Amino acid sequence: ALTAEDLRNIPFICKHADMVGYSFVVGPEDVEVLRSELEKHATNRKPAIILKIERLGAIKNLPALLLNGMKDESLGVMIARGDLAVEIGFERLSEIQEEILWICEAAHVPVIWATQVLETLNKTGYATRSEITDAAMGGRSECVMLNKGPYIVKTITTLEDILTRQMGHIYKKRYIMRPLNIARKFLEQPG
């Protein structure tokens, strides 16, 4: 998972970064290699490792990856949905990202929801219906990653609105029922 260029960049990362995203990680041995390199170059503290889950091997080894990663003070997981969908098939993405969220919550490991969240809105100023639903699902993670774009302020405002409304219905992975405004208005109608 670590390339020669990655190895050359580790001293800079250790000096300037709070965390490092670890792409194409597959197994616990990959975490050991990165941890060892970070320890060689860290002076004050090591950057936290963010395991980017984007390969089938990482999914199969997720419990072992988490156990290994929890040896460190801080650990996070990024669901890198773009590469992951290509790797496992788009039709399995929803199921697998759900399982990743559940396993990480059980392990008390924060999750970053990534890849093309509100992408059309960010690029054009107009969201698609599916983007809005997808962004709402991002509320089940601890962090939602947005890309740069000419409509980033509008995108952030929209995401905040979506997540604020969604969190009234969901506390993490446990669905709860609050009073539904649609039903209340129906019941208040005369006759």
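How are helix 5 and helix 6 oriented to each other? In this predicted model, helix 5 covers residues 81–88 and helix 6 covers residues 90–106, and the two pack at an angle of about 120 degrees. Angles of 65 to 115 degrees would count as roughly perpendicular and those over 145 as roughly antiparallel, with the rest oblique. Helix 5 and helix 6 are therefore oblique to each other. Their axes lie 8 Å apart, and the crossing is right-handed.

As for who touches whom, helix 5 puts Arg81, Leu84, Ala85 and Ile88 into the contact. From helix 6 come Phe90, Glu91, Arg92, Leu93, Ile96, Gln97 and Ile100. Sorted by class, that gives 7 nonpolar residues, 1 polar and 3 charged.

The crossing of helix 8 and helix 9 is right-handed.

On the helix 8 side, the contact is down to Ile132, Ala135 and Ala136. These meet Thr158, Leu159, Ile162, Leu163 and Gln166 of helix 9. The class tally for helix 8 with helix 9 comes out at 6 nonpolar and 2 polar residues, with no charged ones.

Conventions: Residues numbered from 1 in each chain as written. Predicted model: local features only at pLDDT ≥ 70, side-chain atom pairs only at ≥ 80, totals over all residues. Heavy atoms only, no water. Axes fitted to C-alpha atoms, helices over the stretch in contact; angles between N-to-C directions. Helix = DSSP H or I, 4+ residues; strand = E, 2+ residues; numbered from the N terminus. Parallel < 35°, antiparallel > 145°, perpendicular 65-115°, else oblique. Left-handed = near helix turned anticlockwise from the far one by under 90°. Contact = heavy atoms within 4.5 Å. Nonpolar A, V, L, I, M, F, W, Y, C, P; charged D, E, K, R; others polar.
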